[in-house]
Amino acid sequence: MASFQLRDILLGVATAATQIEGGDTNNSWYDWYCQGKIKDGSSPLRATDHARLWPEDFDRMRDMGVKTYRMSVEWSRIEPEKGRFDDTALAQYRAMLQRLNDLGIRPLLTLHHFTNPLWFEQMGAFEHPDSTSLFLRYAATVVRALGDLVSDFVTINEPNVYAVQGYLYGLWPPGRRSLAATWRVMARLAECHVRAYPMIHQIRKGMGRTDTQVGVAHHMRAFSPLNPKNPWHRLCARLLSTLFQDRLAQAMLGGHFRFPLPKSKAVKPGAYYDFLGINYYTRSSVRGFADHVRPGVPVNDLGWEIWPEGLIACARSLYKAFPAPIYITENGTCDLEDTFRSRFIYEHLAAIAASDLPIRRYYHWCFADNFEWLEGESARFGLVHVDFATQQRTVKRSGRFYAALIQQNGCDEALYETYAANQSYPSRARIGTSKKSPGTGRIC
Ligand code: GCO
């Protein structure tokens with residue numbers, strides 16, 4: 001049975017400002033690039049030049065039939081110096097949101113997607129006691145300025161990835177390696193979300209809007225014991241899931257801060273979500289306190305296991321604790337030559353179609369190849385190919401497949417045969433993983 005029908009779900013694409021806009025030297029990732037940390041030496045200054053080319057990109061989304069678009073705004077553009085808000089930057093985001101509305105593409109706006117303004121980074125970012133109020137002031141400014149054009153918000157993208165990469169492994173800004181700081185930062189981001197939740201509702205209510213939806217984009221991995229019969233592997237899988245994602249979900253969505261997350265005095269238990277945003281990519285096979293990939297499994301070009309069942313397993317476990325409509329706020333794969341992305345999309349959407357969960361949106365990560373953090377321009381996740389030197393865009397075969405899926409709101413046999421049936425996954429990574437990134441030495 002190769003066909004499936006999707007019901008009650010909006011299909012869309014996702015991006016993040018720093019990964020696409022280009023032209024901004026005032027954020028923590030440009031600084032990270034200057035420190036020579038990007039594996040291929042590429043810079044977020046170039047990215048996909050979306051700050052200039054967005055009208056063309058939006059037209060392409062419309063042509064592909066995209067129903068909803070998850071994008072983020074860049075804090076360092078909106079508040080370039082502490083307390084100084086830039087009307088021109090806000091006007092540009094207004095123009096973008098207006099255009100999306102005109103095109104009939106429903107925006108979902110992320111307020112924080114990994115990057116900070118330099119002034120905020122330099123004062124200690126989310127480790128600083130003032131960071132919550134500074135984030136809330138920024139968030140309030142954005143919602144006041146744009147809230148008549150957008151009703152759906154993601155406050156913060158993947159607090160666990162941000163905290164672990166930046167404060168535990170030291171691979172991302174600010175390059176710290178402290179377990180205590182990791183929990184502090186995770187808890188602080190959770191507090192920021194919990195306090196932003198009623199604030200965003202209130203601001204939009206003041207504008208006469210009652211259709212507000214606020215959530216987080218929670219990165220979830222399917223943690224499985226490498227050997228399910230081994231009790232140690234089972235214990236480690238449970239523990240890793242608890243520490244990396246479950247406690248954080250309890251804090252962000254339910255206001256319950258439990259060990260190891262430090263308590264937040266400003267937060268009371270409650271329900272701080274209108275939808276469950278889940279970013280899902282892969283499974284971690286566990287036999288100790290680190291990620292592994294089981295031998296012989298299908299992987300993408302970064303070596304991440306491809307395991308569609310995991311999407312449903314993650315969504316089910318979150319939904320059990322926090323019943324609400326589910327938005328898959330990110331799902332996609334690094335496929336340099338676009339030789340297996342269509343199969344990846346097919347299998348993940350087929351799993352969604354077969355599940356009994358209320359999955360109401362699916363955002364493919366990502367619209368076009370972009371600046372993939374430590375991997376720079378070397379890891380391609382897009383439905384649209386970008387030639388970074390010329391900024392020429394070309395819809396990939398997988399992009400045409402996704403457009404056809406949107407049109408059919410499902411997949412019939414013919415579509416499956418044309419795009420996905422003959423594709424097979426690699427079983428070994430073709431490019432290295434970000435954890436091994438050597439960096440290139442200071443650049444600027
Ligand atoms: C993340 C982010 C995206 C990434 C994507 C692919 O999950 O790290 O939200 O910015 O680009 O996940 O790695």
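Me: Where in the chain is the place of Phe114?

Reply: Happy to start there. In this predicted model, Phe114 belongs to the loop between β4 (106-112) and α6. Its backbone deserves a look too: phi of Phe114 is positive, about 75°, although the residue is not a glycine.

Me: Does Phe114 count as buried or exposed?

Reply: The general idea is a cut-off: buried means under 20% relative accessible area. Phe114 has a relative accessibility of 5%, so it counts as buried.

Me: Staying with the backbone, what is the peptide bond from Pro173 to Pro174, cis or trans?

Reply: Omega is the angle to read here. It is near 5° for the bond from Pro173 to Pro174, and that bond is cis. Pro174 lies in the loop between α8 (159-168) and α9. A cis peptide bond also joins Phe259 and Pro260, with omega about 10°. You will find Pro260 in the loop between α10 (231-254) and β7 (276-286).

Me: Let's step back to the whole chain. How many helices and strands are there?

Reply: The chain has 14 helices and 13 strands. Its radius of gyration is 20 Å, close to the 22 Å given by the globule rule for 444 residues, so the chain is as compact as a globular protein of that length. Along the principal axes, the C-alpha atoms fill a box of roughly 55 × 55 × 50 Å.

Me: What share of the residues count as buried, and what share of the accessible surface belongs to carbon and sulfur atoms?

Reply: Of the 444 residues, 62% count as buried. The accessible surface comes to about 16800 Å², and carbon and sulfur atoms hold 51% of it.

Me: Among contacts between residues at least 6 apart in sequence, what percentage join residues at least 24 apart?

Reply: A contact here means heavy atoms within 4.5 Å. Among those contacts, 76% join residues at least 24 apart in sequence.

Me: Which residues does Thr212 touch, not counting those up to four places away in sequence?

Reply: Thr212 touches Ser151, Phe153, Ile200, His201, Arg204 and Asp274. With Arg204 there is also a polar contact, side chain to side chain, at 2.8 Å. Thr212 is found in the loop between α9 (179-206) and β6 (213-225), and at 7% relative accessibility it counts as buried.

Me: And where is the place of Gln213?

Reply: Gln213 is in strand β6. At 17% relative accessibility, it counts as buried. Leaving aside neighbours within four places in sequence, its contacts include Arg106, Phe275, Tyr327 and Arg361. The side chains of Gln213 and Tyr327 are joined by a polar contact of 2.6 Å. Distance along the chain is another thing to read: Gln213 and Ser178 are 35 residues apart, and their C-alpha atoms are separated by 34 Å.

Me: How many Å apart in space are Ala125 and Glu305, C-alpha to C-alpha?

Reply: Those two are 33 Å apart in space and 180 residues apart in sequence. Ala125 is in the loop between α6 (118-122) and α7 (131-146) and is buried, with a relative accessible area of 1%. Beyond its neighbours within four places in sequence, Ala125 is in contact with Asn116, Phe120, Ser131, Tyr162 and Tyr167.

Me: Now the ligand. How many residues surround the ligand, and which are the closest?

Reply: The ligand is surrounded by 13 residues, and the closest are Gln19, Glu158, Glu330, Glu372 and Trp373. By class, this shell has six nonpolar, four polar and three charged residues.

Me: Which atom of the ligand does a polar side-chain atom of Gln19 lie 2.7 Å from?

Reply: An oxygen atom. An N or O atom in the side chain of His113 is 3.0 Å from an oxygen atom of the ligand, and a polar side-chain atom of Trp365 lies 3.3 Å from a ligand oxygen. As for cover, the ligand taken alone exposes 320 Å², and the protein buries 95% of that.

How values were computed: Residues are numbered from 1 along each chain as its sequence is written. This is a predicted model: local features need pLDDT of at least 70, side-chain atom pairs count only at pLDDT 80 or more; totals for chains, interfaces and linings use all residues. Side-chain values use heavy atoms; hydrogens and water are left out. A residue is near a molecule or strand if one of its heavy atoms lies within 4 Å of it. A polar contact is a pair of N or O atoms within 3.5 Å; within protein, one must be able to donate a hydrogen and the other to accept it, and residues adjacent in sequence count only if both atoms are side-chain atoms. Accessible areas come from the Shrake-Rupley method with a 1.4 Å probe; for residues, only the protein chains shown count as cover. Ala, Val, Leu, Ile, Met, Phe, Trp, Tyr, Cys and Pro count as nonpolar, Asp, Glu, Lys and Arg as charged, and the others, Gly among them, as polar. Helices (H or I, at least four residues) and strands (E, at least two) are DSSP runs, numbered from the N terminus. The radius of gyration is taken over C-alpha atoms; the globule rule is 2.2 Å times the number of residues to the power 0.38. Buried means under 20% relative accessible area, exposed over 50%, partly exposed in between (1.4 Å probe, protein chains only).
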